[in-house]
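Have the 3D view ready to turn as you read.

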Amino acid sequence: MTKTILAIDDSASVRLMVKMTLSGAGYNVVEAVDGEQGLEMARSCRPDAVLTDQNMPRLDGIGFIRKFRQMQESEGVPVVFISTESDSNVVQQARSAGATGWIVKPFDQEKLLSVVGKLVKL
């Protein structure tokens, strides 16, 4: 059964890179442009994992994680926080909100595959 990854980022180029990388490895990738759309997509597609950026319009990554973790659909779903923010305070906020791990941008495709592969088995 194909695993679904929800990729939330306001950058079309980042979403494209994530989609191409993960689709090529056999994952189904669903995209959202911000945290609000990410919540809608999480309700409808029931992802196996979520990758979320921090700095986005309408609802940022930490806000998304907090709201997502209040949803029944989030139970057991790993959330990877992806951001240019490497400040330990921001990372701690993401963890406190319910993030499973984080990747600092820019990142390469092998790093992305490695992290997702550890969290979601095909």
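Start in the middle: the largest nonpolar core has 21 residues, and those with the most contacts inside it are L6, I8, V50, F64, I65, F68 and F81. A nonpolar core here is a set of buried Ala, Val, Leu, Ile, Met, Phe, Trp, Tyr and Cys residues joined through side-chain atoms within 4.5 Å, where buried means under 20% relative accessible area and exposed over 50% (1.4 Å probe, protein chains only). Helix α3 gives the most to this core, with four residues. Helices are DSSP runs of H or I with at least four residues, strands are runs of E with at least two, and both are numbered from the N terminus.

This is a predicted model: local features need pLDDT of at least 70, side-chain atom pairs count only at pLDDT 80 or more, and totals for chains, interfaces and linings use all residues. Residues are numbered from 1 along each chain as its sequence is written, and side-chain values use heavy atoms, leaving out hydrogens and water.

Now find F64 and F68, which are both buried. They sit four residues apart in helix α3 (residues 61-69), so about one helical turn separates them.

Next, move to helix α5 (residues 109-119), where L112, V115 and V116 are buried. Seen down the axis of α5, its buried residues fall within an arc of 95° (taken from the directions from the helix axis to the C-beta atoms), so they line one face of the helix. On the other side of α5, E110 and K118 are exposed.
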